[in-house]
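Please open the model in a viewer and keep the selection panel at hand.

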Number of protein chains: 4
Amino acid sequence: MKEECGVVGVLMHKADTKAKPASLQIYYALYALQHRGQESTGITVKNGDKLKSIKGMGLVPEVYSKDELLKLEGRLGVGHVRYSTTGDSNIVNCQPLMVNYKNGNLAIAHNGNLVNGQELRDELESEGRIFITSSDTEVIAHLLVKALLIHDPLESIKEVMSMLKGSYSLAIMIDDRLFAVRDPLGFKPLCVGEIDGGYVVASESVAIDTLNGKLTRDVKAGEVVEITENGFEGHQMLTEKNCAHCVFEYIYFARPDSIIDGQLVYKVREQIGRELAKEHPVDADIVSPVPDSGITSAIGYSDESGINYREGLMKNRYIGRTFILPGQEMRETAVRLKMNTISENLRDRKVIILDDSIVRGTTSRRIIEMVRNAGAKEVHARIGSPAIIAPCYMGIDMASREELIAAKKPLVDVKNAITADSLGYLSIEGLIKSIGIHRDELCLGCLTERYPIKIVGEKCSR
Amino acid sequence: MKEECGVVGVLMHKADTKAKPASLQIYYALYALQHRGQESTGITVKNGDKLKSIKGMGLVPEVYSKDELLKLEGRLGVGHVRYSTTGDSNIVNCQPLMVNYKNGNLAIAHNGNLVNGQELRDELESEGRIFITSSDTEVIAHLLVKALLIHDPLESIKEVMSMLKGSYSLAIMIDDRLFAVRDPLGFKPLCVGEIDGGYVVASESVAIDTLNGKLTRDVKAGEVVEITENGFEGHQMLTEKNCAHCVFEYIYFARPDSIIDGQLVYKVREQIGRELAKEHPVDADIVSPVPDSGITSAIGYSDESGINYREGLMKNRYIGRTFILPGQEMRETAVRLKMNTISENLRDRKVIILDDSIVRGTTSRRIIEMVRNAGAKEVHARIGSPAIIAPCYMGIDMASREELIAAKKPLVDVKNAITADSLGYLSIEGLIKSIGIHRDELCLGCLTERYPIKIVGEKCSR
Amino acid sequence: MKEECGVVGVLMHKADTKAKPASLQIYYALYALQHRGQESTGITVKNGDKLKSIKGMGLVPEVYSKDELLKLEGRLGVGHVRYSTTGDSNIVNCQPLMVNYKNGNLAIAHNGNLVNGQELRDELESEGRIFITSSDTEVIAHLLVKALLIHDPLESIKEVMSMLKGSYSLAIMIDDRLFAVRDPLGFKPLCVGEIDGGYVVASESVAIDTLNGKLTRDVKAGEVVEITENGFEGHQMLTEKNCAHCVFEYIYFARPDSIIDGQLVYKVREQIGRELAKEHPVDADIVSPVPDSGITSAIGYSDESGINYREGLMKNRYIGRTFILPGQEMRETAVRLKMNTISENLRDRKVIILDDSIVRGTTSRRIIEMVRNAGAKEVHARIGSPAIIAPCYMGIDMASREELIAAKKPLVDVKNAITADSLGYLSIEGLIKSIGIHRDELCLGCLTERYPIKIVGEKCSR
Amino acid sequence: MKEECGVVGVLMHKADTKAKPASLQIYYALYALQHRGQESTGITVKNGDKLKSIKGMGLVPEVYSKDELLKLEGRLGVGHVRYSTTGDSNIVNCQPLMVNYKNGNLAIAHNGNLVNGQELRDELESEGRIFITSSDTEVIAHLLVKALLIHDPLESIKEVMSMLKGSYSLAIMIDDRLFAVRDPLGFKPLCVGEIDGGYVVASESVAIDTLNGKLTRDVKAGEVVEITENGFEGHQMLTEKNCAHCVFEYIYFARPDSIIDGQLVYKVREQIGRELAKEHPVDADIVSPVPDSGITSAIGYSDESGINYREGLMKNRYIGRTFILPGQEMRETAVRLKMNTISENLRDRKVIILDDSIVRGTTSRRIIEMVRNAGAKEVHARIGSPAIIAPCYMGIDMASREELIAAKKPLVDVKNAITADSLGYLSIEGLIKSIGIHRDELCLGCLTERYPIKIVGEKCSR
């Protein structure tokens, strides 16, 4: 399960001549958000009247050189890390998107997925407009520029927001102004904070921590926050009755040390473990996580159940890109490269394996096999999320409905497919309780097949 | 003096299943056109309904890997090599430009410079359109797509041509069709040819030679040639009374083994030498070229004058990118790295140094110093072009008027500045005679300050 | 604290024509041992009569390309990963060392450090011998070749072993034969195992696990194991009264999923935590590890003490090489990039921070500051090893005596220097109990200032 | 035909604190000698008591970065560019060879090939010595160190010289002293010169020119020149009755702007053309070189014969490493990428094609085919060297006797094989006359099958 993107925007005080350039702050912030996208990254700064940028395929430390970064002067800028969910891994799609238009220029960094992206693209194409990238971001840029020809930036952003359907957390630079924009359902996280010499907007609060800054607050759903010399000016542009925060940010995607919409991700995951223990108790000797994503929930499960927490699987910390050699045996070697068992913790024991989720089921099966080969007497799978039965339309890369094992099979068949002795998913109620946000304020589309916005061919929950 | 670009387009026969993919042919053709641009390169092919491309900063052998190239399947494609004259060396500007629009997609490879590029851009921006690159090519793409919403491809290209002012030689892929387009004044070269299994359009005929093909003909000024399964279909779209072929393609820029608008570049350069000998005879012991661009003219000069041709300067064939270390002395070392003297050919001799042109005069002065240090008794500069007194607006990177030494100083001062004993430029008449094309069919703007099209602040020759 | 190297040797059955080449097995084994050295790596195989190798600076996935690796054919080979403790990070020192001599060739991969390396080098130099690398390995090669001129390989290795003082775990290929050699005190780990189609020798058993093989046994101290078509032939060459296994392999260096000299590293670390809890109980709300090396011990501490295990510090999993920008502030940013706090787990709490060791004390101080800034009421440092008061002469990179904080200061001053509320080191007895190997069989030099072999200027424990 | 290496040594004055570091001077000198080796390069400097070096596979501009180079401080150093003739293109063989021995360290850069290299290696191996590289240089290092244990550096070098048979031009650094050493037959070039702030030794005088220095003189055959603060101290160590300068340095290998043993290479090549014209006149319309190596001789031929010099073949200046795609057709495309014809110069003409030599004959045949396809009526091959009938044992990579077309076939068959209308090789007398050095002072082994030193299985000329 991989998601799309991380966004950053930085504004440094004009007066503070000793302040670090925005590019440097963005670099570190992107480094802290690397988990949100490893395919490409870019930084765009305002340099005088012009926009300048560095972009490239690869990880943050690979794309930026010290020399180049220090040349990217300017007190204002946005940045992006990206993992493509739609497959087009061309350099052309690397963000931020820099755009020149009638009255100047703008740059957009986007996290999310538009449900009506193709529709808007078709409309814009009907007007004779052209698209150079395959990203929704270019759709937003077109709409924004159309609005900017008539309105001021704030009004323009508002107008564009009224046209977009889906998830979008944006850092936008329009001429000398920096904006943080979050869709009216607040699917994807976005927050603002204060750093030494300036202000920052970022997908997750860890980026602010890394810059030794202070998280000020989340950007509200439907809000535009303008970042100025004087701090943050919030403008509530659109108001839906309820939000629809993505539950998978808490379950899997965000860093545990981030605070998203008021909830520390770590706490949510710990509570998930506790709830699981209550919902699916089992007579076992140890509870062991699938590292790294299952660790915190396993600690919670252990706490609640009193069953010992033990590491049964160890991850190789040095795994980078490894080439795949032909043959089934080589594929298995590649798996063992990534993860190994601690037999002594597993041998002759009844083991609870705690993982964050099951998508296709293949990884779960392989892990359970490893655990059994290491001597486990029983293997009980406990999953830190409800069964995923439907696709995500808002940007989480969850595979198609056909590939989702829980969409096709009843629980007992899933259990058999992954060769577990028992299988327990967290209930939806348990998840909601763990997150600590009201059910109505969450997007549960992939778990309930009912989405908070209208999607052709799917049911709507509102 | 560096120019912009080289373009290529290839269509392979559908029926010929053993034919090489277009990508491979384009790769070799771009390699042959590498002298036209060393900054970035790209290949775009039609792969089913989609366009696919490889792009990168650097030389052809650096950007393309064998594995990636062989994956770029398709029988139709365009390619580009680029040297930026406008300074924006960002990957975003790397061509071909791939565009999606209402009815499909298109790709454009462009060599040239629009005189009304900014004006058109402003108009398009006024309509609310946005620009992602800083290239004229995106302007062309916008106009083309606007037309395509109403007209068929040929009619659309015609309409766009009627709006563009300046130089453009284009290879355009619109859906499954490939077009070669040349501006009505025919500034930049463009030709078509037949290769084993298909057809090719290219900036210079050497690309066709490299593919073991046969040059069919030049694309005419104002003509669109559609390349189909059955060969070439020419459509004369715009007709000016006269052409305005760029004289610097012959003087300096094109490869000597290319045939451009019917004239073999090698022959022109040889004749330039002959004419120079007639116009500026001098009592000398040897005539020696500045390698490589002065070689052919020096042979011609020697032939006509009877003065011995001798190599007085040798070029280091292995010079690649070399880093510049601080200090004047280090800069001089860098010059000596590139070129060395053969003292024995120069010592105690009266030497004619034949160079293709003088821009700022600094290189000429340095070379003449080297020649004198090597013992030459007299150094007579003979230049294979008339004095450059005005900038080029059509894409040749010639420095600004302020930097052009001949724009600021009379002949005698230029002679003194470069420390020559005598200085002889080829006359404009001599140049015209050497090229073998009527004066009225050439662009002589940089030599006469009169341009074949209207340029704000400049005089027009027509 | 960084250690030197990891070694691998592989022999595949002649008869098994479908067996994978040795190079591939070595590649995966080195990948599993990457934690033992990240500076350079090499693979040398026997290819007909010749040795062939690939070497390079960097990580395993960076140095080897699929194409090159598949070309490295042969059923016999050795491999190496290296982190230089002596500073000479030149490609020349990259191992395995390939050597040609009178009767053929050999290749050596070495983990360890000779105490009499310089002495032997001086002697060899006195004979007029030359050294091309700065490694002990070349010393061993000289001695081995001298012996091979007189004796057979086994006898030769024995003779060389009698001359070497210090730590050495070697994989040696002499002509068509493969040997695993371990010094008579057994400082560094070395084990052998069986894989599908052949046999393997490796620094740690995880390498065998990764190849889906079975750990057969440890190579004994003072033993040479010849790996042949028929398996392992052990030869006890030198016998000391006791071994001197390095305790830091258990404390810090080895992977937790490795079994070294019969002890699972994971179990040792867990027990260390338990012992610490018994030795240094404290009234606290949570016990939190410094990730990743403190995790297992913290679990043990929690288990024993009943104090809750909580993650207070999170590591950024994506940290690679990051360039250091000038300035103190930037250095601190770099630290925060690597580690962040979970405030909610720390705020207003009495926190036990469990780390594996203290070297200079600077990292500990920085971490305790972070924990305090996150709101911890009290911070109690518990260290999973005794105080390091003396340097290591056997290959662990522990800084000089002057830099070791515990060598200079009494406990209370160390506690103050790292700003902890209390500080508890594991006792030597507690460590020994945790490892489960008799005190006399361990090297405790860095903890006791008494070394198992004579070292000039130091006291000997035996 | 490719040869081995280029060597450089630099000593900068102690007193001159503003002098550039030796590393920088060596870098530029190696750049000027790049034609002598493109496979790998290295620079080693004396940095305090230690030697430091940068080495790598590839071209000079690829291997050295500005930052690294500026860190390589020291006033004394040697450098090397290499093309392997023996096929072992491993980084291990990259020179200079740095060696530590009893009394200090030394570095050797070697151009040449020892005839008794294997024999000396065997002897040294019999003494129990080991070899890490496959180069003769390591043999020399062993012998030198053996001598240095007894004698002073000069005496040691003398002793080593008395043992070596074959070609060697060396730059050697022993502790703080720099030596230039040339074998007693003076096969390979070596010269010394003065530069601003210091002194230099180099394979060719162009390296000195590039550093804006002055060629002082050639190192004499059998001479050792010590480079000191005060200049050059020559020591004639060995004296043979005659030298044996390699003729192929003049014919093909050296840069034309170098002066080797008193003869400007350019002048020799020009005279070769004149002699060829006298020896093999033919009724032709033009004489055209195979670029670049045939250019100067073709000018000489034209001068002498009165037949017009015309460029019939043009080289693509941008050819770098190009990957070879499968198939005969692709191989031909690769040839056309490198060279193209100027049809207009060739069509319906009787053409003399002047090339420097014929080795296997395949390239000549391909070129003559291209010339004929371009319309030439007759093609007469004139070769600027006598027929190569025997291999080189001194370092020129000339293919084996079996591959040499002239070793297997009479003249008429060679003519037919390359499809020429006539074929004229330069006579040995003509070559000697052109070089301007007495026959007895030249090595003509590959042309006469009689070598100036004893080689097993070959005849000796002395």
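The model is a predicted one, in which local features need pLDDT of at least 70 and side-chain atom pairs count only at pLDDT 80 or more, while totals for chains, interfaces and linings use all residues. Residues are numbered from 1 along each chain as its sequence is written, and chains are lettered from A and ligands numbered from 1 in the order in which they are written.

**The annotated aspartates**

Centre the view on Asp355(A), which lies in strand β21 (residues 350-355) of chain A. Helices (H or I, at least four residues) and strands (E, at least two) are DSSP runs, numbered from the N terminus. Is Asp355(A) buried or exposed? Asp355(A) is buried, with 23 other C-beta atoms within 10 Å. The term buried requires 20 or more other C-beta atoms within 10 Å of the residue's own, exposed means 12 or fewer, and partly exposed lies in between, with C-beta atoms placed from the backbone. Residues up to four places away in sequence aside, Asp355(A) touches Val290(A), Gly294(A), Ser364(A), Ala381(A), Ile383(A) and Gly384(A). Two residues are in contact if their C-beta atoms, placed from the backbone, lie within 7 Å.

Next select Asp356(A), in the loop between β21 and α13 (362-373) of chain A. Asp356(A) counts as buried, having 23 C-beta neighbours inside 10 Å.

Colour chain A by domain: domain 1 covers 5-240 and domain 2 covers 267-460. These bounds come from an automatic or database domain assignment. The C-alpha centres of the two domains lie 33 Å apart. At their contact, ten residues of domain 1 of chain A meet eight residues of domain 2 of chain A. On the domain 1 side, β6 (104-114) and β7 (166-174) of chain A each supply at least two residues. This side has three nonpolar, five polar and two charged residues. In these classes Ala, Val, Leu, Ile, Met, Phe, Trp, Tyr, Cys and Pro count as nonpolar, Asp, Glu, Lys and Arg as charged, and the others, Gly among them, as polar.

**Between the chains**

Show chains B and D together: 45 residues of chain B are in contact with 45 residues of chain D. Elements giving two or more residues to the chain B side include α1 (22-32), α9 (265-279) and α11 (328-338) of chain B. The chain B side divides into 19 nonpolar, 13 polar and 13 charged residues.

Chain A and chain D do not touch, their nearest C-alpha atoms being 11 Å apart.

**Strands of chain D**

Select the open sheet of seven strands in chain D, with antiparallel pairing and the order β3-β2-β4-β1-β10-β9-β11. Strands pair if DSSP finds at least two bridges between them. β3 (50-57) and β11 (214-218) of chain D stand at the edges, each with a single partner strand, so one side of each is left without a neighbour in the sheet. Within the sheet, Gly9(D) stands opposite Val201(D) in β10(D).

Finally, select strand β7 (residues 169-174) of chain D, where six of the six residues are buried, so the strand is largely enclosed by the rest of the structure. Ser169(D), Ala171(D) and Met173(D) point one way, and Leu170(D), Ile172(D) and Ile174(D) the other way. β7(D) pairs in the antiparallel sense with β6 (residues 104-111) of chain D over six bridges, and Ile108(D) has Ile172(D) as its bridge partner. Six bridges also join β7(D) to the antiparallel strand β8 (residues 177-182) of chain D. In the hairpin of β7(D) and β8(D), with two residues between the strands, Asp175(D) takes a positive phi near 50°.
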